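Please look over the sequence and the 3D structure below. A short report on selected parts follows.

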Amino acid sequence: MPPAKKKFDLAYALRSNVVPLFFLVICVIGAYYSGLSLPFLLNEIVVRMARNSFLVISLIIPILAGMGLNFGIVLGAMAGQFAYFATVNWQIAGLWGFTLTCILSFPLAVFFGWLTGKLFNSAKGKEMITGIILGFFANGVYQLINLYFMGNLIPIRVPEMLIPGGYGLRNTVDLKIMHYALDNLWKVRIPIPGSVTPIVVPVVTLAIIALLCVGMRFLFKTKLGQEFRATGQNRHIAEVAGIQVDKIRVLAIIFSTVLAAWGQIIFLQNIGNMNTYGAHVQVGTFAVAAILIGGASVSKATIGQALMGTLLFHTMFIVSPLAGKNLLGNVQVGEYFRVFVTYGVIGVALALHAWQGKAKRKS
């Protein structure tokens with residue numbers, strides 16, 4: 001007899017997706033009260049999806065491997081920015097400059113990921129708080145290099161990159177020579193009936209994100225992907241099965257850090273300039289908040305949840321300031337709400353993780 005088909009359980013589906021559904025309602029209400037036109041809103045959503053999805057997807061593999069939310073992707077963002085300093089200093093423009101930036105960031109990101117993975121192996125069960133503190137420490141080293149070494153020990157050919165004293169990078173580095181290097185390769189304009197403003201879709205950027213999603217789906221089906229899953233489910237059983245758990249965990253962080261570096265490079269080529277000392281600071285926080293809003297947890301995440309979270313999180317970012325102004329007469333209310341949601345959803349996720357871990361130990 002053929003296996004019985006499972007009935008669709010609406011109550012279970014609602015319970016399982018309560019977080020994304022809640023934020024979907026917030027986004028719809030915010031979009032209504034913001035007064036933004038549909039073409040403008042759709043264009044902003046497309047831009048932000050292309051700009052941020054790569055970074056959010058970079059969190060999935062460490063979650064799969066049982067290491068929780070990798071706040072250490074900040075180091076990947078730093079690797080991407082160091083690579084940008086080199087290509088801007090050499091004045092390599094356009095797609096070639098963008099490609100060289102990705103190539104230069106790779107060894108740096110692998111090295112940073114290896115160091116992070118080794119540290120996480122010494123702090124098993126506390127990877128998330130370790131990643132947060134590691135980000136603060138790495139930021140201090142990053143600032144030392146950029147404020148003292150650049151132009152002093154590391155030669156800089158472009159005077160505009162340096163502060164007037166002759167060494168130390170300026171607060172903002174102009175990336176105009178690579179602005180839209182990827183996004184402008186192929187853009188499709190989709191007309192909206194009744195509107196003169198079309199939706200502009202950066203096809204190549206979105207295609208690369210789609211390729212990443214397909215590649216990760218393939219990775220999950222390989223032997224390495226199964227070892228990631230086994231390690232995430234139970235480290236002890238994985239070790240008994242002959243899996244080198246520590247090595248697998250380091251590999252998971254290296255994958256995540258490299259993807260974060262490339263994600264930051266894609267993000268910055270869209271922005272067109274770099275806040276030298278601040279562009280990387282909120283990368284981990286915003287990416288983690290986005291994937292959690294998509295319905296992921298500390299121990300489970302999918303590509304669909306990463307994309308859904310990116311969509312909801314950044315839609316909320318677009319509509320909340322104007323919605324706050326129109327509802328309460330103050331744009332700043334929307335800004336406060338965004339900050340509250342960003343840190344609130346992370347706090348709740350960490351609290352639930354601690355509670356579940358305590359319950360598991362008791363059982």
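Which residues are buried in α12? They are Val 283, Gly 284, Thr 285, Ala 287, Val 288, Ala 289, Ala 290, Ile 291, Leu 292 and Ile 293.

## Basis of the report

This is a predicted model, in which local features need pLDDT of at least 70, side-chain atom pairs count only at pLDDT 80 or more, and totals for chains, interfaces and linings use all residues. Residues are numbered from 1 along each chain as its sequence is written, and side-chain values use heavy atoms, with hydrogens and water left out.

## Helix α12

Buried means under 20% relative accessible area, exposed means over 50%, and partly exposed lies in between (1.4 Å probe, protein chains only). Helices (H or I, at least four residues) and strands (E, at least two) are DSSP runs, numbered from the N terminus.

Because 10 of the 11 residues of α12 are buried, this helix is largely enclosed by the rest of the structure. Gly 295 follows α12. The phi of Gly 295 is positive, near 105°.

## The second largest pocket

A pocket is found on a 1 Å grid over the protein atoms alone. It is an open set of points where a 1.4 Å probe fits, with protein on both sides within 12 Å along at least five of seven lines. Lining residues have an atom within 4 Å of a point. Grid points are joined across faces, edges and corners, and a volume is the space filled by probe spheres set on the points.

The second largest pocket holds about 380 Å³ of space. Its lining has 20 residues, and Asn 52, Phe 267, Ala 279, Phe 286 and His 314 are the closest to its centre. Which elements each supply at least two residues of this lining? They are α3 (38-57), α11 (245-271), β4 (273-275), α12 (283-293) and α13. The largest share, 5 residues, comes from α3. The lining divides into 11 nonpolar, 7 polar and 2 charged residues. Here Ala, Val, Leu, Ile, Met, Phe, Trp, Tyr, Cys and Pro count as nonpolar, Asp, Glu, Lys and Arg as charged, and the others, Gly among them, as polar.

Contact means heavy atoms within 4.5 Å. Contacts with residues up to four places away in sequence are not counted for Gln 269.

Gln 269 lies in α11. Its relative accessibility is 1%, so Gln 269 counts as buried. Gln 269 touches Tyr 84, Phe 98, Met 178, His 179, Tyr 180, Ala 181, Leu 182 and Asp 183. Ala 252 also lies in α11. Ala 252 is buried, with a relative accessible area of 0%. Beyond its neighbours within four places in sequence, Ala 252 is in contact with Ile 61, Pro 62, Ala 65, Met 67 and Phe 228.

## Ser 320 in α13

Ser 320 lies in helix α13 (residues 303-328). This serine is buried, at 7% relative accessible area. A polar atom of its side chain lies 2.9 Å from the backbone oxygen of Met 316. Leaving out residues up to four places away in sequence, Ser 320 touches Gly 334 and Arg 338.

## Val 88 in α5

Val 88 lies in helix α5. Its relative accessible area is 4%, so Val 88 is buried. How many residues apart in sequence are Val 88 and Met 178? They are 90 residues apart, and their C-alpha atoms are 8.6 Å apart in space. Val 88 is in contact with Met 178, and with others including Val 158, Met 161 and Val 173, leaving aside neighbours within four places in sequence.

## Strands β2 and β3

Two strands pair if DSSP finds at least two bridges between them. Strand β2 (residues 187-190) and β3 pair in the antiparallel sense over 4 bridges. Val 188 has Val 201 of β3 as its bridge partner.

In a regular strand the side chains alternate between the two faces of the sheet. Strand β3 (residues 199-202) is covered on both faces. Ile 199 and Val 201 are buried on one side, and Val 200 and Pro 202 are buried on the other.

## Positive phi in two loops

Most residues other than glycine have a negative phi. Gln 91 has a positive phi, near 55°. Gln 91 sits in the loop between α5 (73-89) and α6 (94-121), and is partly exposed at 46% relative accessibility.

Tyr 180 also has a positive phi, of about 60°. Tyr 180 is found in the loop between β1 (172-174) and β2. At 30% relative accessibility, Tyr 180 counts as partly exposed.

Conventions. Polar contact = N/O pair within 3.5 Å; in protein donor to acceptor, adjacent residues only side chain to side chain.
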